[in-house]
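Please keep the sequence and the 3D view at hand while reading.

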Amino acid sequence: MATHSAEALKQEERRYLRVFIWLGVLTAVELWITTVSLPKFTIGCFLVVLAATKASLVALYYMHLANEKRTLMYIALTPAIICVWLVLMLSPDLGSVRRLWTTQVPPAAASQHAHHD
Amino acid sequence: MSQAAVADHDFALEPAESPLTPESWGKLGMWVFLAGDAMSFGVLLAGYGALRYFDPTWPPPSSILGIQLTALMTFLLICSSVTMVEALAGIRQGDEAKLRRFLVLTIIGGATFLGLQAYEWNKLIVHEGQSIAKDNFGATFFILTGFHGCHVFGGVVYLSAILGRAVRGVSSAVVTGVTGAAAALGVIGITAKSESALVAFIGAAVAGGIVYGVANAQRGPRGTYSAHSNSEVEIGALYWHFVDLIWILVFTFVYLM
């Protein structure tokens, strides 16, 4: 991003508009997908991919990461990697909590059971 | 110590140029700040996902939240990102008028977003009985969108300060008017009761005064930015695009999924 010739700036402006159109189209696709009768998990996967694509477009072209030094891209990517890691590390705990939640005996049934004993 | 050695010593203490962002150290600083801020949002989103996953009573977001309104808000933020890159492109071409024009549009976009968010919160809190203390949904929703809203407000103030340096006199008052109107929309939208009107106007006046002070304190003579000196605008733009990027994720994870 050091030098900005007039022609390069014009090209950049055209790219900004193309990215804007893509962002609008992808947002419309996101809204449409939520109305389609597909399994919830499939819809969720589509939405995550679309959101990640939109976020990448903003970071690469509007925040100019595509033109920056690679090390700066690593700095920007680090939080995303750490957050995905955090979610993966939470998953086993969440699974066991959910199992406890869904298999626990309701309080009323538990007290009845104790009364019979 | 020879003159060259002294120069080397000084360079080692305070290098003039960042190795990653030769334009300015501030840009590198903003990237590091944004990386930290992204962690905050990442943890909030992970917490939202975790609470939602193990709670079978979690309501479907579409049954409570207005998707059309937030889709409009998303589109608005995307538009404001485009106006921001156009503002930066303008000053890189040495066109100060274009910088000012698109900065004003960006600020109006951010202010309108805040107004719509205030309207949404007012609808949820006053008319639908939602609150931060009601359940996990309310807690995570209001914290996430509120934290993002604070970023948008900060962005509006930040861009107003940049605009304040690019304009002077009457134009500066226009900047104050726009940001004051944003604050008024926000405060009136949230309180929205006749007995709160006075509080709303006082809040708006205080917010407008703060912004006016910031804009004036930062204001320099016309020509502060040029085709060769615009790193402050670029750094402000980075912040604004980050706010847009985060909203793209919040919209998907909180409103659509």
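This is a predicted model: local features need pLDDT of at least 70, side-chain atom pairs count only at pLDDT 80 or more; totals for chains, interfaces and linings use all residues.

## Helix α1 of chain A and its length

The expected span of a helix is 1.5 Å times one less than its number of residues. With 28 residues at 1.5 Å a residue, α1(A) should span 40 Å, and its end C-alpha atoms lie 41 Å apart, which agrees.

Which residues of α1(A) are buried? They are A:Y16, A:V19, A:L23, A:T27 and A:E30. An α-helix has 3.6 residues a turn, so residues three or four places apart point the same way. The cover over the buried residues of α1(A) includes α2 of chain A, together with α4 (67-92) and α9 (231-256) of chain B.

## The two chains

Chain A contains four helices and zero strands. From the N terminus on, its elements run α-α-α-α. Chain A has 117 residues, of which 14% count as buried.

Chain B contains nine helices and zero strands, and its pattern along the sequence is α-α-α-α-α-α-α-α-α. Of the 257 residues in chain B, 41% are buried. Among the contacts in chain B between residues at least 6 apart in sequence, 80% join residues at least 24 apart.

## Where the chains meet

## Helix α1(A) beside α2(A)

Within chain A, the axes of α1(A) and α2(A) come within 10 Å and cross at roughly 165°. Angles over 145 degrees count as roughly antiparallel, so this crossing makes α1(A) roughly antiparallel to α2(A). The crossing of α1(A) past α2(A) is left-handed.

On α1(A), the residues that make the contact are A:R15, A:Y16, A:V19, A:W22, A:L23, A:L26, A:V29, A:E30 and A:I33. On α2(A), they are A:I43, A:F46, A:L47, A:L50, A:T53, A:K54, A:L57, A:Y61 and A:Y62. By class, the contact of α1(A) with α2(A) has 14 nonpolar, one polar and three charged residues.

## Helix α1(A) beside α4(B)

Across the two chains, the axes of α1(A) and α4(B) come within 10 Å and cross at roughly 175°. The two helices, α1(A) and α4(B), are therefore roughly antiparallel to each other.

From α1(A), the contact takes A:L9, A:E12, A:E13, A:Y16, A:F20, A:L23, A:G24, A:T27 and A:L31. From α4(B), it takes B:A71, B:T74, B:F75, B:I78, B:V82, B:V85, B:E86, B:A89 and B:R92. By class, the contact of α1(A) with α4(B) has 11 nonpolar, three polar and four charged residues.

A:H64 is placed in the loop between α2 and α3 of chain A. Its phi is near 60°, a positive value in a residue other than glycine. A:H64 has 18 other C-beta atoms within 10 Å and is partly exposed.

Is B:W240 buried or exposed? A residue is buried if 20 or more other C-beta atoms lie within 10 Å of its own; B:W240 has 30 C-beta neighbours inside 10 Å and therefore counts as buried. B:W240 belongs to helix α9 of chain B. Leaving aside residues up to four places away in sequence, B:W240 touches B:S81, B:M84, B:T106, B:G155 and B:L159. B:W240 and B:V85 are 155 residues apart in sequence, and their C-alpha atoms are 9.9 Å apart in space.

B:G146 lies in helix α6 (residues 136-166) of chain B. With 13 C-beta neighbours inside 10 Å, B:G146 counts as partly exposed. B:G146 and B:L103 are 43 residues apart in sequence, and their C-alpha atoms are 24 Å apart in space.

Note on methods
Residues are numbered from 1 along each chain as its sequence is written. Chains are lettered from A and ligands numbered from 1 in the order in which they are written. A residue is buried if 20 or more other C-beta atoms lie within 10 Å of its own, exposed if 12 or fewer, and partly exposed in between; C-beta atoms are placed from the backbone. Axes are lines fitted to C-alpha atoms, for helices over the stretch in contact, and angles run from 0 to 180 degrees between N-to-C directions. Angles under 35 degrees count as roughly parallel, over 145 as roughly antiparallel, 65 to 115 as roughly perpendicular and the rest as oblique. A crossing is left-handed if the near helix is turned anticlockwise from the far one by less than a right angle, and right-handed if clockwise. Two residues are in contact if their C-beta atoms, placed from the backbone, lie within 7 Å. Ala, Val, Leu, Ile, Met, Phe, Trp, Tyr, Cys and Pro count as nonpolar, Asp, Glu, Lys and Arg as charged, and the others, Gly among them, as polar.
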